[in-house]
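Subject: Structure for your review

Dear colleague,

Please find below the structure that I am handing over to you. I would be grateful if you could read the notes after it with the structure open beside you.

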Amino acid sequence: MISQDLKTLEERSIYIIREAKLKFKNVAALWSMGKDSTTMLALTRKAFLGKIPFPVIHIDNGIDYPETYEFREELAKKWNFKVIVEKSKIMPDSVGSACCGKNKPEALKKVMKEYGFDALIVSIRRDEHGIRAKERYMSPRNQSFKWDYKNQPAELWDDYSSKSDAKGHIRVHPLLDWNEIDIWRYIKQEKVPVNPLYFSRNGFRFRSLGCTHCTIALKSNAKNVDDIIKELETTKVEERSGRSMDKENEYVMQRLRALGYM
Amino acid sequence: MMVKTIALLGHKDHGKSTLIGNMLMLTGSATKVRIKEAEEYSKRLHKAFEPAFILDSFAEERLNEMTIDTTRAEIKHKDLAFAFIDVPGHEELIKNMISGASYGDVALLLVSAKKDEGIRDQTKRHLFIARMLGIDKLIVAVNKMDTVGYKETTFNDVKAGLLKYIERIGFEKGKVHFIPVSAYKGDNLVKRSKNTKWYRGMTLIDAVYENAKQEGRKQDGPLRIITQGVLEGGHVVGRVVSGEIRVGERVSVLPAGVEATVKEITVKGKRVKKADAGLNVAIKIDKNIATELRGAVISGNKNKPKLLSKIKAKIFVTGKIGNNLSVKVNGIEIKCKSLKVLGSIDVTTGERSSKKRIELLGAIEAEVVLEKKIPVEDYETTRELGRFVLYSSREFAGICTVGK
C-alpha cells in the first residue's frame, strides 16, 4: 500500500472541511467511531482552532460493539462536540445490504430533514472501493438521496460547483485522497484516539468496523498502531474483506450508493 | 512519499483505461479483489482478461466498455508514487474529463496507431484542454502498435502528425517523450519490448518518472491569500497560494481595498510567526472589515493584484453560452453583464482567427464584463487569480484563463 505525503493530504482535507463549513448554511458530519471519521474529526479540530463547529451524527442500529459505544461517549466528552444519535432499524434475520442497506439511509434521511442539514461530511476514501473511487470531493444528492453518478458536476480549480435541488444535500468527502495506511500514519503522528477493536486480541483484529452482525475480525497480530502500519505496508488483503455487504456482488456498493448509502 | 498525478488524455477507445489497468497488473499494484472482479467480468462477457475493468467500476462502464467518469489508481516507482487519473474519451463527457485532468501534474496522451484510428480531433482537444489547465509536461504513448506489426514508420507518422500542434499550443517540443506501446500486450510499459528494437527511448514508466520528478510550479511570488470566510471569534481563514505572510506585516484586503496589520497567524491550531504558500491559515488583523470575506484576496499593501470587472480571457466552451451568465472564482459566483467574442481558436490546429462564432467544444477569446470588480492576475503569474469557470443558467459552460 502506498504511503503518501501526510502534509499534502492534511492541507487538502483542512481546506475542504473549511469549505464545507463556510460554503453551506448548516453542515453536519457522519461519525461511525471508526478510524476514518475519527481522523476527520481530528482534522476538523485543526481547521477550526481546536473546535468541532458542527454536530456529528451517529446512525445507530443498536448492535454496534460495546467498545464502539464507549468510545463514542469518551471522545465526545474529551473533544467537547455534539453528537446526534439517530436510531436505525435492523432486520434480525439478514445481513449486509438487506439489513442496513435501506435502513441506515432511511434513518439518515430522517435526521437530515429534522435538522435541515444542507451538507454532510462523509469520510469515504477512494482506495476502499472502485465505486467510491469515482466520487467527487463534493457530490450532490437529491431529496430521495439519489446519487446521479452518470451525471456528476464538473469539479476543478477549487470550484466545487455542487448543485443540488433545493431539498437535496451535498456530500462532502474530505478524505477522498487518503489511503488506509495514511490514516494510520496520521493517527500515529497526531496521537488520534482510536476504537480499541482495531487492535489484535487472540490473533484477530477489525480492519474495517461495522456492526456486530456484519463485520468479522481478520487474522492479525497487530497490537498497536505501529504494528498496523507495518501490516498494511505488505498486506494483499482488501480492507473491507471483513464486511459481508461487499461480497454479495460487485455492484452492491454502486446500487447502495446510488440510493443514498454512505 | 510524494504522489504525482498523471492525467490520461486521448480519444475514446484509444486505450486509456486498458493502459492504466495493465500498468497496475505489471507493477503488482492492483489488489487481488479488484483483479478477481475484472477477471470474472471479462469471463462473463466471453472476453480475454480486460485490464480496463480494474478502473471502470460502474456496471454501465463495463457493459458498454466505456469510461463514464474519472477515477484514480496509484503505482509506486522508485522514490515516487504516481496517481494515474483515468478520464472518459467521449466528447459528451468532457466535463468529467476536465474534472479529472485538472488535478494533473503530467499529461499522458494515448494515440492509437491502428488503421483508421490515429490522431483525431478529440486527441488534440484533450491536449488543448490540458494546456489550459496548466499542465506543461507531456508524454505521448503511441498505442496498439501490435496491430500494425510494430512498424517504425507508423510510429513516426503519428509523431510527425502531432509535433507541430504540440508546439503551437505551448508544450516544449524537445521535452515531449514519444513511446511506441501496446497497452493491452504490455510492450514498453515497464520493460523494453523485443518487438520494437528500433526504439531507443525510455519505457513508459521511466518516462513518467522523469517527468514527475521535476519540480512543480514555484509559489515564491508576492503574497496572495485566497480567503474562505470568517470564523466566530474573527479569524479570517484561507489558503496562502503564493509568497509568505508574517505577523506585523501590512496587508491589503481586496476587493474591499482595506489596509490592515496582521496580528496573529494560526496554522493547524498552532500560533506561528509566518506561514508559506500551500498552507491553510487563520489570521487576525487589526481591523474589522465589514465586507464579504469569502473569495477575497489578501496581499501585501505594495504589490497588489489589479481590480478588474472587464476581463479578456481564453475560453474553452463546454456548454451552451446563453444569456444568464456567471463566473465562479475562488468559491464565489459573480454575474456577467456581457460576453463579447473577440475571436476564436481552432482547437484542432491551434490557430487563431477573427471568426466570432461560438462552437461547442471549441475555444474563443472573449471580453467578459462582470457585475463587480475582482482581483485578477494573468494565469501564468498566479493560477488562482487568472482562471474561472463559466456557467450559463447554472450549467457548466466553459473554462476560462486570463492571458498576459
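This is a predicted model: local features need pLDDT of at least 70, side-chain atom pairs count only at pLDDT 80 or more; totals for chains, interfaces and linings use all residues.

**Chain B as a whole**

Chain B contains 7 helices and 22 strands. Its radius of gyration is 23 Å, close to the 22 Å that the globule rule gives for 404 residues, so chain B is as compact as a globular protein of that length. Along its principal axes, the C-alpha trace of chain B spans about 70 × 50 × 40 Å. Of the 404 residues in chain B, 48% are buried. Among the contacts in chain B with a separation of 6 or more, 69% are between residues 24 or more positions apart.

The domain assignment divides chain B into domain 1 (3–212), domain 2 (224–300) and domain 3 (306–402). Between the C-alpha centres of domain 1 and domain 2 of chain B there is a distance of 41 Å.

In general, the strands of a sheet pair through backbone hydrogen bonds, and they do so either parallel or antiparallel.

Chain B has an open sheet of 6 strands in the order S2-S3-S1-S4-S5-S6, and the pairing is mixed. Which strands are at its edges? They are strand S2 (71–77) and strand S6 (177–180) of chain B, each of which pairs on one side only. From one strand to the next, the twist averages 25°.

Within this sheet, strand S4 (residues 106–112) and strand S5 (residues 138–143) of chain B are parallel and are joined by 6 bridges. One bridge to look for is that of Ala107(B), whose partner in S5(B) is Leu138(B). Helix H6 (residues 152–168) of chain B packs on the sheet and touches S4, S5 and S6 of chain B. The direction of H6(B) makes about 150° with that of S5(B).

**A covered helix**

Is helix H4 (residues 94–101) of chain B mostly covered or mostly uncovered? Helix H4(B) is mostly covered, since 8 of its 8 residues are buried. The buried residues include Ile94(B), Lys95(B), Met97(B) and Ile98(B). Part of the cover comes from the other chain, namely S6 of chain A. From chain B itself, the cover includes strand S1 (3–9), strand S3 (80–86), helix H5 (121–132) and strand S22 (395–402).

**Strand S18 of chain B and its partners**

- Ser326(B) has Lys335(B) in S18(B) as its bridge partner. The two strands form a hairpin with 2 residues between them, and Asn330(B) in the turn has a positive phi of about 50°.
- The partner of Ile345(B) in S19(B) is Arg352(B). This hairpin has 6 residues between the strands, and Gly350(B) takes a positive phi near 80°.

**An open sheet in chain A**

Chain A also holds an open sheet of 6 strands, in the order S3-S2-S1-S4-S8-S5, with mixed pairing. Its edge strands are strand S3 (83–87) and strand S5 (138–141) of chain A. The twist from one strand to the next averages 30°.

Strand S1 (residues 27–30) and strand S4 (residues 119–121) of chain A run parallel and are joined by 3 bridges. Val27(A) has Ala119(A) in S4(A) as its bridge partner. Helix H1(A) lies across S1, S4 and strand S8 (169–172) of chain A, at about 155° to S4(A).

**Where the two chains meet**

How many residues of each chain are in contact with the other? The contact involves 37 residues of chain A and 45 residues of chain B. On the side of chain A that touches chain B, helix H1 (6–23), helix H2 (35–47) and strand S6 (155–156) of chain A each supply at least two residues. H1(A) gives the largest share, 7 residues. By class, this side of chain A has 13 nonpolar, 7 polar and 17 charged residues.

With kind regards

Note on methods. Residues are numbered from 1 along each chain as its sequence is written. Chains are lettered from A and ligands numbered from 1 in the order in which they are written. Helices (H or I, at least four residues) and strands (E, at least two) are DSSP runs, numbered from the N terminus. The radius of gyration is taken over C-alpha atoms; the globule rule is 2.2 Å times the number of residues to the power 0.38. A residue is buried if 20 or more other C-beta atoms lie within 10 Å of its own, exposed if 12 or fewer, and partly exposed in between; C-beta atoms are placed from the backbone. Two residues are in contact if their C-beta atoms, placed from the backbone, lie within 7 Å. Two strands pair if DSSP finds at least two bridges between them. Ala, Val, Leu, Ile, Met, Phe, Trp, Tyr, Cys and Pro count as nonpolar, Asp, Glu, Lys and Arg as charged, and the others, Gly among them, as polar. Axes are lines fitted to C-alpha atoms, for helices over the stretch in contact, and angles run from 0 to 180 degrees between N-to-C directions. Domain bounds come from an automatic or database domain assignment.
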